[in-house]
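Please look over the sequence and structure shown here.

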Amino acid sequence: MIFIFSGRNLLKMSLYHYIFILLIPLLAVNLYATLADADWLMQATEVLFVTGLAGIYLRLNKKAGFNAMFFFVFFISAQIAGFFFNTYSLTIFSLLFYIAAYFGLSREALQNTERQTASKTMLIYFLLLISINTYLLLMHVVELESYMANNFEFSIYIVYYSVLLLLGIFSLIYYLNSYSKKSVYFVTLVLAFIFADVFRDSAYFYMKDSAILITGNLLWYTGLIFCLLFFLTPERKLRLMNLV
């Protein structure tokens, strides 16, 4: 069967059709670039993917939200900086652009969060989960210190992972207060980004392993897809009793 995508057909396409058409070819090229050790090609597919997701968002949401556009503008800026300039200073700029992009994510989540009374059991569970994740990220950042060029670069990594940790805290608070589809998307994308960064750092700093890097890239693509779903999904409050 041959499909001809006219303008009318494109208008009838669902969100997942758009994502599928964008994801499959770019992911295939990204996989090839990773195996061929072609960093420039891998970064090019990532720039195109983020830009494509921003285009899908604008096509499906005529009233673009500030938080979403803030996220996409700075995330695309981070990818472009990483693609065109592979120098120390602009690598730092990429991390700073990511930090700014995550502000848009956290602001969207906090705007949809309404605090509820917490039971002692849920508070203990919440604090325990945060403590474990803080410890694991701290150990990862400490291990990176020996691979940093100087203290300034290391301090930027500390700030970056601190922001990721805050995102993780916001995601748990949002989820436990809302228990909505939008909050599930937010928790998923935050976890995907955290693990993607850990895997990528492991591949670049600890050992140059294609399998680890591919896993990190897949998680990165997954996180961005859930970012799109997160921004497009309206909040539907489905609260449970006695949650944070």
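The questions and answers below concern this predicted model.

Q: In which helix of the protein chain is confidence highest?
A: The protein chain averages a pLDDT of 82, and 86% of the residues score at least 70. Confidence is lowest in helix α1 (residues 7-12), with a mean of 42, and over residues 1-12 the pLDDT is below 50, a stretch that has 8 contacts in the model beyond near neighbours in sequence. The pLDDT is also below 50 over residues 239-244, where the model has 23 contacts beyond near neighbours in sequence. The highest mean, 93, belongs to residues 210-232, which form helix α9.

Q: Is α7 roughly parallel or roughly antiparallel to α8?
A: Helix α7 (residues 151-178) packs with helix α8 (residues 181-206), their axes lying 8 Å apart at an angle of about 155°. Because angles over 145 degrees count as roughly antiparallel, α7 is, relative to α8, roughly antiparallel.

Q: How many nonpolar residues does the contact of α7 with α8 have?
A: Residues of α7, including Y157, L164 and F170, meet residues of α8, among them V187, I194 and F205. By class, this contact of α7 with α8 has 3 charged and 4 polar residues, while the number of nonpolar residues is 15.

Q: Where is the place of D37?
A: Most residues other than glycine have a negative phi. D37, although not a glycine, has a positive phi of about 60°. Its place is in the loop between α2 (15-35) and α3 (39-60).

How values were computed
Residues are numbered from 1 along each chain as its sequence is written. This is a predicted model: local features need pLDDT of at least 70, side-chain atom pairs count only at pLDDT 80 or more; totals for chains, interfaces and linings use all residues. Side-chain values use heavy atoms; hydrogens and water are left out. Axes are lines fitted to C-alpha atoms, for helices over the stretch in contact, and angles run from 0 to 180 degrees between N-to-C directions. Helices (H or I, at least four residues) and strands (E, at least two) are DSSP runs, numbered from the N terminus. Angles under 35 degrees count as roughly parallel, over 145 as roughly antiparallel, 65 to 115 as roughly perpendicular and the rest as oblique. Contact means heavy atoms within 4.5 Å. Ala, Val, Leu, Ile, Met, Phe, Trp, Tyr, Cys and Pro count as nonpolar, Asp, Glu, Lys and Arg as charged, and the others, Gly among them, as polar. pLDDT is the predictor's confidence in each residue, from 0 to 100.
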